[in-house]
Amino acid sequence: MKIKKVFIRERLLSLLLLGIFLCGCNYNKNAVVDIPDKIQNESVDKALAKGNNQEMVQEPTINSSVDIINEDIWNVDNNTIVWAFFDSTAGNEEVEQRVNKKLEKDGYPFRLKCVVLGMNQYNRRVMECNADIVFDGMTFGEFDGSWSPAIEAITEGKFLKLDDYLKNSKLYDFYPEIMWDSIKYGDGIYTIPNTNFGDHNLAVVFKRGSYTDDEIISFDGTIDSLMDLLSNGRKLFFFGSGGWTGYLDLYGIPNYEQYGIYFQNNEIKNIMSLNIVEDWIRKMHELAEKGTILRSDKISYLNCLEDWDIAIIDCPANTGLDEEKYVIKRYIGDMYPRFNGAIAIRSNSHNPDYAFRMMELFLTDSEYGNLIIYGENYSDTNGTAMDSITGNAVYSWNRRISWGVNDGLLKGSDLYMFDSPDDRKRYYKEYIRPANLSIFDYPDLAKETSKLYEKHNGIIFNFDNFEEELEEWIIEADTAFKKFGPK
C-alpha cells in the first residue's frame, strides 16, 4: 500500500503534494480511473476514457494570495462560517451561492463563505488566518517548520480539539476506527482525515491467458518465484518510478518504504539493512536489463493491458479489472498517519459549533457533497457524474481533496472512493494495518530517508553504475539511522 503516480495527479503533486506521505496517505499514482463496479453502459466507459485524456492537460487554478490581515475578508455575521482553500478551483462564489441556497431551503441556520488563501505561503496562512474551517495544508515547499504543517498547527494551538464534538456524531461513525487512530495527536483528535488519499493494499495480478492455474498457485510472494514466472518473454508491470519498492507487503512486513522504514515489534528499522530488499533490488535490476519490466511511471496498468502478463500494483478497492480475465491476489498494506491534507476547525473560530455542524453535514450528506463537487450541470449515469456539455465523466479530484468530501457520492473520472462508509470499513478491516505514529518521533530521520528514496528510486534502471549506487544508498541509509534514528 504505497504512494504512486498518475498523469493529472502528477501535475497536482508537483504543486500541491510535495509531502504526500505526510498527508497520511497511500496515494495510488497508477489508478488513472477508478471504474465503478456496476458500469455496464459502453457509452459511460468511453466517456470515462475521454475524461482521463482530458486530465492529462488539466491544470489547477492558482490564485494570488489574499491579504489575510484584511478585516473585510473575515467580517461576517455569527451564522456565516468561513471555509478557507488554497485556490478557487475548490472554493469560489459559485459553490458558495448554490450551497447557501440549499442551506436556506433546508432550514439550516448557518451559511458558507469561501475564502481563497492562495498557494504562496499557504501553510503559514492557515496558521495565521481567521477562517473557521481550513484544508490544513501540506508541505508546499516553503514550509520550514515541522515536517507536518498540521502537527505544528496543533502544537501551537491553532486547531480546535474535536473529541467532544465527535462523540456519538455521524461524522465519527463515517470513518473506520483505525483512520481516527491514525490522526490522534497528544491527548486527542484535531483534524478530520481526508479519504481522497487512498489507503491501498498491494496486489499481484495474473493474466489468465498467460498463466495456468497451477502456475498462479505456485507464486509464493518471493522474488525467486516471480523470476520463475517471467520466463519465455513474459512481461511485468510494477508500480512506481523505480519499480523496486512496495513488495514488503508480500512478506507481511509493516513498512513505510518511501521513507526507508519498516517496523519490527513496533520499532522503526532501516529498510536498506534488510537482505530481502537488497535481493529484490538486484533481481529487479536484472529484469530491467532484460527489458522485462514496463516503465510504470509512464503509464497506468489499465492503459497497457495487452503489454503485461503479471502486474504488481498498489491496489485500490476497485482495480478496474475484469476478474474473469485476471486473478488478483491481495496482500495486507499499511495505513499512513493522516494529518496533512485533513480538514480542521481553527481554534479562533467565531462559531465552532456551527463550524462543526457544517463540516459534518458536507462530509456525510451526499446531496450536499454532490452539489459542492459537481454543481448542477451534470447527469447521473449509472452512478457516475457526466458533464452535460462534454459528455465526459467529470474530473473533480482537486475539488474533492480540498473539501475532504468523497465516499457515497457519484463517481467521477479518476476517483478513489467507496460507495458507502460501510464498504470502506469492510475493506479496511480486511486489508489495512493500523498506522504507526512512532514515525513522528523521528522527523529528521523521515526527512533524510525520504530524500534518499527520491534520489535512488530509479535505481533498477541504472544501467551505468548500478552497483556503486546501491552501495551508496546502503551507506547513506545507515548513516541517517545512526544520526537521526532510535538509539
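The following is a conversation about a predicted model of one protein chain.

Colleague: What should I know about the model before we start?

Modeller: It is predicted, so local features need pLDDT of at least 70 and side-chain atom pairs count only at pLDDT 80 or more, while totals for chains, interfaces and linings use all residues. Residues are numbered from 1 along each chain as its sequence is written, and side-chain values use heavy atoms, with hydrogens and water left out.

Colleague: What makes N168 exposed?

Modeller: Exposed means over 50% relative accessible area, buried under 20%, and partly exposed in between, with a 1.4 Å probe and protein chains only. N168 has 83% relative accessibility, so it counts as exposed. N168 sits in the loop between α7 (163-166) and α8 (170-173). Helices here are DSSP runs of H or I with at least four residues, strands are runs of E with at least two, and both are numbered from the N terminus.

Colleague: Why is N382 called partly exposed?

Modeller: Its relative accessible area is 43%, so N382 is partly exposed.

Colleague: How do you know that the length of α17 fits a helix?

Modeller: The expected span is 1.5 Å times one less than the number of residues. For the 14 residues of α17 (residues 443-456) that gives 20 Å, and the end C-alpha atoms are 20 Å apart, so the two agree.

Colleague: Which residues of α17 are buried, and how do you know that they are on the same side?

Modeller: The buried residues of α17 are L445, A446, T449, S450, L452, Y453 and H456. They cover an arc of only 155° around the axis, which puts them on the same side of α17; the arc is that of the directions from the helix axis to the C-beta atoms. The face turned away from that buried side carries the exposed residues K451 and E454. The buried residues of α17 pack against β10 (267-270) and α18 (466-484).

Colleague: Why are α13 and α14 called roughly perpendicular?

Modeller: Their axes cross at roughly 85° and come within 5 Å. Angles of 65 to 115 degrees count as roughly perpendicular, under 35 as roughly parallel, over 145 as roughly antiparallel and the rest as oblique. α13 and α14 are therefore roughly perpendicular to each other. L361, F362 and T364 of α13 make the contact with S366, Y368, G369 and I372 of α14, where contact means heavy atoms within 4.5 Å.

Colleague: What makes a set of residues a nonpolar core?

Modeller: The members are buried Ala, Val, Leu, Ile, Met, Phe, Trp, Tyr and Cys residues joined through side-chain atoms within 4.5 Å. The largest such core has 92 residues, and W83, I192, M359, F362 and W403 touch the most other members. Helix α13 (residues 352-364) contributes the largest share, 8 residues. A second, separate core of 41 residues includes L236, L274, A288 and W473.

Colleague: What is L437 in contact with, leaving aside its neighbours within four places in sequence?

Modeller: L437 is in contact with D181, S182, K184, P337 and F339, its neighbours within four places left aside. L437 has a relative accessible area of 26%, so it is partly exposed.

Key
Axes are lines fitted to C-alpha atoms, for helices over the stretch in contact, and angles run from 0 to 180 degrees between N-to-C directions.
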